[in-house]
Amino acid sequence: MNSCDTTEPTESMTPFAMVNGQALTTLPKDLYIPPDAMEVFLEAFEGPLDLLLYLIKKQNLDILNIPIAEVTRQYMEYVELMKEVSLELAAEYLVMAAILAEIKSRMLLPRPVTAEGIEEDPRAELIRRLMEYERIKKAAEKIDHLPRHGRDTFAAHADMPDVAFEKPQPTVSLQELMLALADVMTRIEINKSHAIQREPLSVRERMTRILSALQEKEFISFNSLFTLKEGRPGVVVTFLAMLELLKDHIIEFVQTAPFAPIHIKAATQETHA
């Protein structure tokens with residue numbers, strides 16, 4: 001007894017590729033697709049809900065009124081396509097295929113009426129899960145677009161070189177030195193004493209006193225080395241002692257800034273040179 005094939009032609013599958021403007025719905029028999037290539041395809045979806053949402057959005061379908069038969073057919077086409085290239089499907093994809101098949105069969109049967117008199121829609125639970133997944137996916141995409149440290153922004157690092165800063169000391173001019181001496185002489189005149197007293201003054205002794213003072217302090221104020229009670233002779237002897245030490249490169253006059261008070265310090269090695 002001869003049997004005839006009564007299988008009706010099925011609808012064209014969703015094209016999975018375009019070659020020279022022609023849509024391909026079936027894989028060529030001699031085409032080899034490495035499993036890694038389909039793994040990349042599968043990894044483009046983050047699960048069966050993501051694949052379902054892609055199919056719905058691709059055809060501008062209403063998520064609240066899913067044509068379950070058409071979506072199920074397209075979903076199974078992708079599943080079968082994965083099977084053809086010997087790709088091990090994740091269990092969750094096969095579970096979703098079973099859920100879609102169940103919903104499709106329930107859609108063909110009369111719907112049971114609940115106690116409230118409302119017919120239960122077999123797609124209700126799936127629609128709820130899809131809407132919840134879509135909200136979470138959009139929120140994740142918004143978060144991913146926010147600037148991220150280590151991806152969009154990076155901490156700046158800069159190593160400062162070790163730079164030695166040397167503040168040059170201004171040179172004390174002879175004019176400023178004479179002005180300072182004139183100031184001391186003026187104060188001597190104000191505090192001038194009329195007592196007559198013979199007191200020997202030695203330039204050498206005053207030089208020794210200045211050097212002793214420099215051993216205790218690094219800087220000594222110019223004015224502090226003069227004793228007003230000694231009068232003009234004491235000022236002259238002290239100033240001559242300073243000049244002798246300066247001539248022998250034992251001391252030097254310094255200022256922290258132009259027109260600042262003058263100080264005395266011991267001469268450095270470079271000064272001796």
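Predicted model: local features only at pLDDT ≥ 70, side-chain atom pairs only at ≥ 80, totals over all residues.

I started with the strand pair around Glu252, which stands opposite Lys265 in E5. Glu252 belongs to strand E4, residues 251–254. I checked which way the side chains go: Ile251 and Phe253 point one way, Glu252 and Val254 the other, and all are buried. E4 and strand E5 (residues 263–266) pair in the antiparallel sense, over four bridges.

Next I looked at the whole sheet. It is open, with three strands in the order E3-E5-E4 and antiparallel pairing. E3 (219–221) and E4 are the edge strands, each pairing on one side only. From one strand to the next the twist averages 30°. On the E3 side, I found three bridges joining E3 to E5, and Ile220 stands opposite Ile264 in E5. Helix H8 packs on this sheet, where it touches E4 and E5, and its direction makes about 110° with that of E4.

Then I turned to helix H6, residues 174–190. It has 17 residues and reaches 25 Å from first C-alpha to last, close to the 24 Å expected. Which residues of H6 are buried? I got Leu177, Ala180, Leu181, Val184, Met185 and Ile188. Down the axis of H6, its buried residues fall within an arc of 140°, so they line one face of the helix. That pattern had me recalling that an α-helix has 3.6 residues a turn, so residues three or four places apart point the same way. Gln175, Leu179 and Ile190 are exposed, on the face of H6 turned away from its buried side.

Technical notes:
Residues numbered from 1 in each chain as written. Heavy atoms only, no water. Buried < 20%, exposed > 50% of the residue type's maximum accessible area, 1.4 Å probe, protein only. Helix = DSSP H or I, 4+ residues; strand = E, 2+ residues; numbered from the N terminus. Pairing = 2+ DSSP bridges. Expected span 1.5 Å × (residues − 1). Arc of directions from axis to C-beta. Axes fitted to C-alpha atoms, helices over the stretch in contact; angles between N-to-C directions. Contact = heavy atoms within 4.5 Å.
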